[in-house]
Amino acid sequence: MIDINNALHKAYYDLLKDALPIPASAGFVPVYEGEEPDNVQDSIYVVIGGVSNSDNSTQRCAGTITTIQVGVYGWALKYGGNARKYTNLVAGSILQLVSPNPPNSLVVPGVGVIGTKVQSDVEQNLSPLAGRKFCNRILIFSHYIYT
């Protein structure tokens with residue numbers, strides 16, 4: 001089996017950084033690897049999370065079926081905010097970048113990405129807290145990767 005975790009994280013970071021406009025604002029959505037830093041003040045941000053691998057090697061090449069989690073986290077003021085709308089807009093942009101038609105635009109140095117699909121897409125609305133309402137969207141992508 002091959003270890004592609006660092007290369008995959010870097011590929012996602014390079015693809016998403018400075019590519020996701022902040023809805024109804026100027027600038028780009030911040031993208032973090034692994035976990036968000038302490039005391040994030042941004043009203044919307046992306047965290048590239050965990051990777052899971054399953055060996056899919058053959059006699060001719062080493063390969064994996066790999067999943068990676070990309071979370072979109074947003075909040076807005078309890079009254080009058082658009083946390084859900086903006087979180088969904090950013091998630092839609094990520095889906096277009098990672099899993100476009102025709103696929104595959106994801107470039108991982110040193111390996112070949114044969115296929116990409118959305119394995120899971122879950123929206124989470126959380127209870128209001130401290131005058132804010134929160135909405136998260138968790139995307140899990142699956143890749144067939146070989147070397």
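A24 counts as exposed, at 70% relative accessibility, where exposed means over 50% relative accessible area, buried under 20% and partly exposed in between (1.4 Å probe, protein chains only). The model is predicted, so that local features need pLDDT of at least 70 and side-chain atom pairs count only at pLDDT 80 or more, while totals for chains, interfaces and linings use all residues. Residues are numbered from 1 along each chain as its sequence is written, and side-chain values use heavy atoms, with hydrogens and water left out.

A24 is placed in the loop between helix 1 (5-16) and strand 1 (31-33); helices (H or I, at least four residues) and strands (E, at least two) are DSSP runs, numbered from the N terminus. The phi angle of A24 is positive, near 60 degrees, in a residue other than glycine. A positive phi near 60 degrees is also computed for N39, likewise not a glycine. N39 belongs to the loop between strand 1 and strand 2 (44-55) and is exposed, its relative accessible area being 67%. Most residues other than glycine have a negative phi.

Five strands form an open sheet with the order 1-2-3-5-4 and mixed pairing, two strands being paired if DSSP finds at least two bridges between them. Strand 1 and strand 4 (112-129) are the edge strands, each pairing on one side only. On average, neighbouring strands of this sheet are turned by 20 degrees against each other, direction ignored; axes are lines fitted to C-alpha atoms, for helices over the stretch in contact, and angles run from 0 to 180 degrees between N-to-C directions.

Strands of a sheet pair through backbone hydrogen bonds, either parallel or antiparallel. Three bridges link strand 1 and strand 2 in the parallel sense, and V31 has V46 of strand 2 as its bridge partner. Strand 2 and strand 3 (residues 63-77) run antiparallel and are joined by 10 bridges; here V47 is partnered by G71 in strand 3. The pairing of strand 3 with strand 5 (residues 132-146) is antiparallel over 15 bridges, and the bridge partner of L77 in strand 5 is R132.

Helix 2 (residues 83-98) packs on the sheet and touches strand 2, strand 3, strand 4 and strand 5, contact meaning heavy atoms within 4.5 Å. The direction of helix 2 makes about 10 degrees with that of strand 5. Helix 1 lies across strand 1, strand 2, strand 3 and strand 5, and runs at about 150 degrees to strand 2.
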